Amino acid sequence: MGNFFSLVRNENMKIYRRARTWVMLAILAFCNVILPILFYMVDSGGQTSLWDSVILTVSFTFYLCTIFSVIVAADSVAGEFSWGTIKLLLIRPWSRSKILLSKYISVILFSLLCTLLLAAVAVLASSVLFGSGGESNLIGPDKSGLVFTFQYLLCDYVNLFMTVAIAFMISTVFRAGGLSIGLALFIMFAKGIFARLFSPERYEWAKYLLFTHMDLSDYLKSDVGPGGVTLGFSLAVLAAYYILFMAVSWYVFHKRDVAA
């Protein structure tokens, strides 16, 4: 187990020793500072509350969080093939399964770091500008601002989690970081269009599509999702796709011939 933790630490070192990683984190922090300032400048009559500012900031900047996580996921495996370091990695006394798992864990840890940084900076900046009080216009009067914001972040992270899984799978299967980033971001921005085109209200089979369930924020307003499905059904569909993505990644990486 200690050897596996060393492998995970090694993969994390690959991520954080690159200047681009710190640039991405700095951009994320900057955007979560500047947006509350902009909201404060255009706020008239104190209509914006602390949690309104946090939710609005997160809704904008979580796209950056997803994009940065996808970039890291796309480069995790494909980068080893691009730089020709995959052979050096595979001759070490670790199984391919452990190598792939350590890479995936390092990607997830990076996505969690981005999410925590995003949330912490947004809350801190909004607290300084808007104080701790005020009635929210985005949250119902019977809901806690802290709890609702946590639930909103959790829904966004599930979306990020699935998008990263797609990017990681494409990176592993096709060994192309650019293709992985492009397809993952296309899915991220186009999933809403596909969800409307193939709505469960129009097509019964559409409730089994991935796009229909990636955005779980609708369940914050209602117990029923698209097509009358429940939260449990959406999570089950997402889990099935996730297992499929990971199985394909593991199978291809395990069977990949890197001798050529």
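In which helix does Thr-61 lie? Thr-61 belongs to helix α3, which covers residues 50-83; helices here are DSSP runs of H or I with at least four residues, numbered from the N terminus. This is a predicted model, in which local features need pLDDT of at least 70 and side-chain atom pairs count only at pLDDT 80 or more, whereas totals for chains, interfaces and linings use all residues. Residues are numbered from 1 along each chain as its sequence is written, and side-chain values use heavy atoms, with hydrogens and water left out.

Thr-61 counts as buried because its relative accessibility is 2%, where buried means under 20% relative accessible area with a 1.4 Å probe and protein chains only. Leaving aside residues up to four places away in sequence, Thr-61 touches Leu-28, Cys-31, Asn-32, Leu-35 and Leu-118, a contact being heavy atoms within 4.5 Å.

Helix α8 (residues 231-255) has 25 residues and spans 36 Å from its first C-alpha to its last, close to the 36 Å expected at 1.5 Å a residue, the expected span being 1.5 Å times one less than the number of residues. Among the buried residues of α8 are Val-237, Leu-238, Phe-245 and Met-246.

The structure also holds 16 aromatic pairs, meaning rings of Phe, Tyr and Trp (its six-membered ring) with centres within 6.5 Å. The ring centres of Tyr-104 and Phe-168 lie 5.2 Å apart with the planes at 65 degrees, so this pair is edge-to-face, a label for planes over 60 degrees apart. The pair links distant parts of the chain, since Tyr-104 is in helix α5 and Phe-168 in helix α6, 64 residues apart.

Definitions and conventions:
Helices (H or I, at least four residues) and strands (E, at least two) are DSSP runs, numbered from the N terminus. Buried means under 20% relative accessible area, exposed over 50%, partly exposed in between (1.4 Å probe, protein chains only). Rings of Phe, Tyr and Trp (its six-membered ring) pair if their centres lie within 6.5 Å; planes under 30 degrees apart count as stacked, over 60 as edge-to-face and the rest as tilted.
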